[in-house]
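This report is meant for a reader who has not seen this structure before. Please look over the sequence and the structure, then read on.

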2 protein chains.
Amino acid sequence: MTRQYDADTLGYIDGVIRRYLPAKDFPEVIHEAVEYSLFGDGKRVRPFLMIAVCDMLGGDASFIEPLFSALEMIHTYSLIHDDLPCMDDDDERRGKPTSHVVFGYPTAVLAGDGLLNLAFETVFSAYADIDPSARERYIRAAGIIAACSGISGMVGGQVADMMFDEKARDPQALEYIYRCKTGALIRAAVLAGALSSEDISDEQLRALERLSWCIGMLFQLTDDILDMNGDLPEEGKMTYISVYGLEHVKKMNRELWEEADGILSGFKESGVLRDFTQMIYKRNK
Amino acid sequence: MTRQYDADTLGYIDGVIRRYLPAKDFPEVIHEAVEYSLFGDGKRVRPFLMIAVCDMLGGDASFIEPLFSALEMIHTYSLIHDDLPCMDDDDERRGKPTSHVVFGYPTAVLAGDGLLNLAFETVFSAYADIDPSARERYIRAAGIIAACSGISGMVGGQVADMMFDEKARDPQALEYIYRCKTGALIRAAVLAGALSSEDISDEQLRALERLSWCIGMLFQLTDDILDMNGDLPEEGKMTYISVYGLEHVKKMNRELWEEADGILSGFKESGVLRDFTQMIYKRNK
């Protein structure tokens, strides 16, 4: 099966995630807060990447269902906590009021905590349904997701971003932030997808790890470029563009896409993933 | 081996937890914040309970090391987030300034997130070292820890506590809070400890689940009673005492201890755990 990035697949992703939600119980507000953010018109980039890599390699679809659900729960919790008044203090996301605006500050903190926890409840509860021969690979994939989300991944990236000294324009610190804050979960999506295939080689894993780095950077450099063209560039925000200049970043971005496409050309059945990568590169919003 | 609740065992617990910390890396502040709270003179009640149950049943000590470390990380993250200005707004815990006072509000949020995440990184990273025949039991124990920490456990209890209507004096809501907010992690400690034994029966598991309920309630009712006797009872706080009265709660507490001790009398080698349960009941601080 080779799934496209379309409404059917997005509906399938939502349905799978919904299966792993806890039974609604007292206190209701936490369930409402979790659903509100989890089904808030997210683009499902990370679940789709995992699916596309799995399909490309002929991996087991049921292997990745708990894993992409967990990854999307982690991504969602990170947005809730990111938006908190003590962090970015954002009142809106994707045109909707943020969690703390709707449910209050303490509930938003706990909804984020609950979602991060739910990600791992999901991983554990699905373990018994994983084919015994695939369980070691399954826990390896879950471990990659956990490592990419944590202090040496996304959480570390968040801390670095918060502490970033705009004046220093330190390219190494900026690269760390790009690699960890968004890049880490994309890396987790690609590698967990790859591990759904029982005969993935170490060489293929290395190629896909590099691919995930390219896609993560593409994702963010394209964002940066779009921010420059848009009506509302974020004032004073340090990006690759303020360090390297717009033309150089456009060149980097083109090279990243070429590298990503080159890696994918080494895999059979890579059409959907090549299109998706191109879409990330060429999108205009 | 039957370990006592003493300085040696507390040192052993600290050493094990330290083994699972991530390598110190940029950004340093998150590592400092994690260590600050994780080694903040905690009483290690949950790790010790897991150890004592494991020892009583002749379980595998290495099986529980990642699990009690994970549980203590979860307990610690919950304290950091509990103390935040938007939650209980506590500046001190165990005589030390709280995380957000020392490291700032955003870092405290992220240190909590990082610790919760680290708990599950720890579980996954240790999986390969678990005897293959014990891995299903290991993931079952990890799943119990995750379920007890989440929306249907501790996080749910926190939400209920926050929303609790003091005037309604609803005994059912109060019982939910006691069962989930503190009780759930104690349940996780006891059950994960029990699963370290390869020949634990379902009947024993049920008895130990009931034991964990008794210990969780003992822990909190004793706290409530001590708060009443102390110089600084928390004003207006709803407890079992304000619902049922001091004398009735003292009676409940004695009955809980008798029940716990009765359950333990059905197990050989239960001396350490009986002493520890009695200590929870008879402590005066």
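What rotation, with what shift along its axis, superposes chain B on chain A? The model, which is predicted, gives a rotation of 180° with 0.0 Å of shift, and the RMSD is 0.0 Å. That is the relation of a two-fold axis.

## Chain A as a whole

Chain A has 13 helices and two strands. Its radius of gyration is 19 Å, close to the 19 Å that the globule rule gives for 285 residues, so chain A is as compact as a globular protein of that length. The C-alpha trace of chain A spans about 50 × 50 × 35 Å along its principal axes.

Of the 285 residues in chain A, 50% are buried. Among the contacts in chain A with a separation of 6 or more, 73% are between residues 24 or more positions apart.

## Where the two chains meet

## A helix pair in chain B

Two packed helices are described by the angle between their axes and the distance between the axes. In chain B, the axes of helix H4 (residues 61–83) and helix H9 (residues 171–194) come within 10 Å and cross at roughly 175°. An angle over 145 degrees counts as roughly antiparallel, and H4(B) and H9(B) are therefore roughly antiparallel to each other.

Which residues of H4(B) and H9(B) meet? From H4(B) come Ile64(B), Leu67(B), Leu71(B), Ile74(B) and His75(B), and from H9(B) come Leu185(B), Ala188(B), Ala189(B), Ala192(B) and Gly193(B). Eight residues of this contact are nonpolar and two are polar, with no charged residue.

## Backbone features in the loops

Most residues other than glycine have a negative phi, and most peptide bonds are trans. Some places in this model depart from that pattern. In chain A, the peptide bond from Phe26(A) to Pro27(A) is cis, with omega near -10°. Pro27(A) sits in the loop between helix H1 (7–19) and helix H2 (28–38) of chain A. In chain B, the bond from Phe26(B) to Pro27(B) is cis, also with omega near -10°, and Pro27(B) is in the loop between helix H1 (7–19) and H2 of chain B.

Arg44(B) is not a glycine, yet has a positive phi of about 55°. This residue is in the loop between H2 and helix H3 (45–56) of chain B. Is Arg44(B) buried or exposed? There are 20 other C-beta atoms within 10 Å of Arg44(B), so Arg44(B) is buried. Glu269(B), also not a glycine, has a positive phi of about 60° and lies in the loop between helix H12 (246–265) and helix H13 (271–282) of chain B. Glu269(B) has 12 C-beta neighbours inside 10 Å and therefore counts as exposed.

Conventions. Residues numbered from 1 in each chain as written. Chains lettered and ligands numbered in written order. Predicted model: local features only at pLDDT ≥ 70, side-chain atom pairs only at ≥ 80, totals over all residues. Least-squares fit on C-alpha atoms with pLDDT ≥ 70 in both. Helix = DSSP H or I, 4+ residues; strand = E, 2+ residues; numbered from the N terminus. Axes fitted to C-alpha atoms, helices over the stretch in contact; angles between N-to-C directions. Parallel < 35°, antiparallel > 145°, perpendicular 65-115°, else oblique. Contact = placed C-beta atoms within 7 Å. Nonpolar A, V, L, I, M, F, W, Y, C, P; charged D, E, K, R; others polar. Rg over C-alpha atoms; globule rule 2.2 N^0.38 Å.
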